[in-house]
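Please consult the sequence and the structure shown below alongside the text.

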Amino acid sequence: EFYKNGPEKTHDENYSSDEIVYMAEHLKKKINTFIAGHSEEKLERINDPVTKVYEKMREIFPQNDPIELLAKTKDYVSKYVGVLGANLDLTDLIDEILMPSTRSNECRIFPFYPSKFHNFEEANASHFYTASNQFYKMVLRQAPIPARPIINPFQAIQSIEYIENDISTERYQHCKARMREKSDECAKEILLFHGTDVQNIDSIFNTNFNIDSSPVDRSKAMVYGRGIYMSEFPGVSLNYGKGLLLCKVLPGCTESISMEDRSARTGTIP
């Protein structure tokens with residue numbers, strides 16, 4: 001108003017024209033200092049592909065759970081941003097949000113997303129806490145063999161899905177009962193991680209593991225013999241695919257073998 005009306009007029013009788021000019025200059029310096037300190041951070045946030053895609057998904061699906069949308073966005077960007085660069089085609093992501101899961105006919109799916117709020121009465125919430133606890137507990141331990149590094153492990157979980165399949169559960173319980181007939185020790189259960197290509201996950205959930213299936217992008221070595229390969233360490237399992245499953249396992253009667261033992265037998269270390 002001061003500059004618009006000229007120096008001879010002012011709308012505030014408490015200050016002189018010179019004082020108003022001084023305050024304006026001082027305020028200008030403070031604003032410039034603030035912008036200099038935050039423009040780079042703001043630019044980085046605006047150019048972040050996750051932010052771009054998430055804001056677009058919020059426009060398209062305003063009624064959807066924002067936490068679920070953010071989780072799907074992060075997963076999509078992590079898969080494709082390195083391949084497609086800044087020109088992300090959102091068609092696949094939109095289809096994934098719109099289309100029901102192919103697992104719905106065979107399985108019951110209970111999705112969970114990390115949050116500062118907790119609903120302990122939610123169905124199967126205990127499985128979410130068990131899975132997240134097992135992941136964080138083991139990811140911080142040193143694996144005995146090479147493991148894939150997990151960046152920012154304290155915030156690595158974007159979502160967890162607990163899957164129920166009645167046919168697989170019935171077979172598992174039947175197998176457990178047969179093992180218990182041998183001994184209680186034989187029927188003890190453990191939690192192990194299995195890494196696989198993401199496109200294999202639905203098949204595993206629908207029909208359980210298939211020893212004869214082959215990876216899509218590599219050979220199947222089975223260096224320790226025929227079987228399903230799992231690990232206590234999520235980083236080790238992630239060497240074999242970005243899809244990470246936490247499985248309840250009946251190991252039964254086991255044999256221990258070290259890397260040194262295998263090297264002595266074959267002359268090589270996998």
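K56 has a relative accessible area of 39% and therefore counts as partly exposed, since this value falls between the 20% and 50% cut-offs. In this predicted model, the side chain of K56 forms a salt bridge with that of E59, with an N to O distance of 3.9 Å. Both residues belong to helix α3, where three residues, about one turn of the helix, separate them. E59 is exposed, because its relative accessibility of 59% is over 50%.

Helix α3 covers residues 49–60. At 1.5 Å a residue, its twelve residues should span 16 Å, and the 17 Å between its end C-alpha atoms agrees with this. The buried residues of α3 include V50, T51, V53 and M57.

The count of salt bridges comes to five; three of these are listed here.

| Salt bridge | N to O distance |
|---|---|
| E59 and K56 | 3.9 Å |
| R108 and E164 | 3.0 Å |
| R108 and D166 | 2.8 Å |

The bridge between R108 and E164 links distant parts of the chain: R108 lies in strand β1 (residues 108–112) and E164 in strand β2 (residues 160–164), 56 residues apart. R108 is partly exposed, at 39% relative accessibility.

R108 also forms a salt bridge with D166. D166 lies in helix α7 (residues 166–182) and R108 in strand β1, so this pair ties together parts 58 residues apart in sequence. D166 is likewise partly exposed, with a relative accessibility of 46%. Through shared partners, salt bridges join R108, E164 and D166 into one network.

Key: Residues are numbered from 1 along each chain as its sequence is written. This is a predicted model: local features need pLDDT of at least 70, side-chain atom pairs count only at pLDDT 80 or more; totals for chains, interfaces and linings use all residues. Side-chain values use heavy atoms; hydrogens and water are left out. Helices (H or I, at least four residues) and strands (E, at least two) are DSSP runs, numbered from the N terminus. The expected span of a helix is 1.5 Å times one less than its number of residues. Buried means under 20% relative accessible area, exposed over 50%, partly exposed in between (1.4 Å probe, protein chains only). A salt bridge is a side-chain nitrogen of Lys or Arg within 4 Å of a carboxyl oxygen of Asp or Glu.
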